[in-house]
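Please open the model in your viewer and keep the sequence panel at hand. We will walk from stop to stop, selecting as we go.

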Amino acid sequence: MIYAGTVMELHEHRALIFTMDCGLVYIRRRQGMFLGQQVLFRQRDLNPAARIPFRRLAFSLTAIAAALALLLVGGGILAGLFSGLGLPGLDGSPYAFLALDVNPSVELALDRNDRIAALNTLNGDAASLFGDMDLTGLPAGEAVDAILETLAEAGYLARDEEGTLLLSGTVAKGLRFLERNRLEKHLQKLLVETAGRIEVRIAERTTLYVFYSGDGAVREQAEENGLSIGRQLLLMEATGRKVDMTRDEAKQADLKSLLEKAGIRERRIGLDPTLAPEPTDRPTLPQDPTDVPTSEPEPTEAPSGTPTSEPEPSDDPTATPEPTAEPTPKPTPKPTPTSAPLSWDEKVAIGAGSLADGHLLTWAPLPDNMALQYYKVVITRKSFSLAPKYPEDGYLAVMTDRSATSLRIDNSRKYNGGREGLQYLAVGEYYMISITYCLQDGTKYYGNAVKFAYKGPAGPTPTTAPTEAAPAWSQQVAVGEGSPTDGHLMTWTNPSSEWLGSRWLDGVKIVLSISNPTPIYSNDGYLAYLTGGNTSFRLDNGSSYNGGDIPGTGLVPGQSYYASVTYLISDGSRVRGNAVSFVYQGPAG
């Protein structure tokens, strides 16, 4: 069983915990603990040798009682101030709900600080696993970790079996209009971050799907149908695709069969396709100027400061200092670091490679004093970026073993995500490769980027040649008239399930050209790569163009363009939609 509590005292080898049921226990101290931290622990974590002295117990209980009294008084005052505003979370009601479905289905109600307001079990299997679990007050990420650990211990996420996990979310009904948009965006970002947290904890053979809806009534519909939010959204998606699926079937059938019946191949449904995790002020590793060409500027999204090795203030002098993610303020725009805890040598290198074996990528492991979450191997085409980083540029592989120092680059793995739709490396093409070091506290450090010409085995060959003609379904590509402030709305129709048959749509490339009346990816480059069943995109110079005859300055007001989409099908074929001519009237680049 998993228990939760708050750290009240820290000692050399143990910590005093005030539990959710108002008890006091000692557990073994862990690295990184701090006063006031909310932690999860099990029976095995208890420190049986430690006893709480009577005087210490009386003092602790008095302090706790005083703190609770203050909270109650302050809470009453705050409730009085904010109850009239109807702000979700501040008036006691959750602003959003997350659901996790494997076979057990569990729902988490979130308060305004993304902490757990309630845990709801939605079927018998979930009740038997989580009925005694109290996650109230924990951050959403820690609560999801506890749920995943329990599922794994119960055998629902076995590494030697294929599995399906559905993460879903929706905002609460009745949100005020002025806050709805902000809260929806916040929840979607939380879903993206939670999905990333889940993906590094589940087996490679477990597939994660993420569904989102901004309709607060979805949860009410789910309750009426006896479904989780995720299964309700799955049922609605099936209905929208004209698939005959009953409520009982959506409730009782396993997720994999339901997804296959509904023809759902997209891993993300309902999320904003341009959404990315919040940029964080993370320092980068010192770059070796000989490893990266100097003809193009380095990205400046990471701050120039580096973390200081000084420990954070703590009531416990024995606490292990940890690096802070905040850059050290300096009077000059580009300060020199006061310390260099990450100055290890020979960070990232890649061998020359051969057609038979590919390339051996090597890197320096993270120092022992830093808590690794995982390494991400990140690749981009040299023409696209000189400094590949996770999550912006996706990843080829993820490794949680801190001692891992090498990986064979040989097209045996398909690339995941990124901004350029990379799937397999092309023989002879130049790429940039790097490592993103992801720490357990959320900090990311970026290794030096190395240029190499790929000389390994070729990737899988598409079984169907690219289709040049526009597909047969109607109402495909259209471009709205546009305005100088909002640009043009480009819309299209995705392939029908009847046309796709046993295949599925991997994604859509937005393609423009000045000179080619029938533009197609990859001959004419692309403006954006969209997944998740999207059918619209705004042309407003908000995204830079990649390749083709579109200049780096972007679209020019008054210039005539041809617009189309290229559909990327799962069998490797590329299907070009019809092309539309329009005169761009949006914002200048």
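**First stop: a pair of hairpins**

Start by selecting β6 and β7, which form a hairpin with five residues between them; in that turn, aspartate 114 has a positive phi of about 60°. Helices and strands here are DSSP runs (H or I of at least four residues for helices, E of at least two for strands), numbered from the N terminus. Before going further, note that this is a predicted model, in which local features need pLDDT of at least 70 and side-chain atom pairs count only at pLDDT 80 or more, while totals for chains, interfaces and linings use all residues. Residues are numbered from 1 along each chain as its sequence is written, and side-chain values use heavy atoms, with hydrogens and water left out.

β6 and strand β7 (residues 116–121) pair in the antiparallel sense over five bridges; two strands count as paired if DSSP finds at least two bridges between them. Show valine 106 and you will find threonine 121 as its bridge partner in β7.

Is β6 covered on one face or on both? Both faces are covered: Ser105, Glu107 and Ala109 lie on one side, Val106, Leu108 and Leu110 on the other, and all are buried. Buried means under 20% relative accessible area, exposed over 50%, and partly exposed in between, with a 1.4 Å probe and protein chains only.

Select helix α3 (residues 140–153). Its 14 residues should span 20 Å at 1.5 Å a residue, and the end C-alpha atoms are 20 Å apart, which agrees; the expected span is 1.5 Å times one less than the number of residues. Ten of the 14 residues are buried, so α3 is largely enclosed by the rest of the structure. Among the buried ones are Val144, Ile147, Leu148 and Leu151. Just after the helix, glycine 155 takes a positive phi of about 90°.

Threonine 194 counts as buried at 3% relative accessibility. Threonine 194 and valine 144 are 50 residues apart in sequence and 7.9 Å apart in space, C-alpha to C-alpha. Not counting residues up to four places away in sequence, threonine 194 touches Val144 and Leu167, where contact means heavy atoms within 4.5 Å.

Select helix α5 (residues 217–225) together with α6. They pack at an angle of about 95°, with their axes 9 Å apart. Axes are lines fitted to C-alpha atoms, for helices over the stretch in contact, and angles run from 0 to 180 degrees between N-to-C directions. α5 and α6 are therefore roughly perpendicular to each other, a label given to angles of 65 to 115 degrees (under 35 is roughly parallel, over 145 roughly antiparallel, the rest oblique).

Show side chains where Val218, Arg219, Gln221, Ala222 and Asn225 in α5 meet Ile229, Gln232, Leu233 and Met236 in α6.

Move on to lysine 242, in the loop between α6 and α7 (247–252). Lysine 242 has a positive phi of about 60° although it is not a glycine, and it is exposed, with a relative accessible area of 78%.

Go to proline 391 in the loop between β13 and β14. A cis peptide bond joins tyrosine 390 and proline 391, with omega about 10°. Most peptide bonds are trans. The loop also holds aspartate 393, which is buried with a relative accessible area of 3%. Leaving aside neighbours within four places in sequence, its contacts include Phe384, Tyr415 and Arg419.

**Last stop: a three-stranded sheet**

Finally, select β19, β20 and β23, which form an open antiparallel sheet in the order β19-β20-β23. β19 (478–479) and β23 (536–539) stand at the edges, each with a single partner strand, so one side of each is left without a neighbour in the sheet. Strand β20 (residues 488–491) pairs with β23 over four bridges. Within that pairing, leucine 489 stands opposite arginine 538 in β23.
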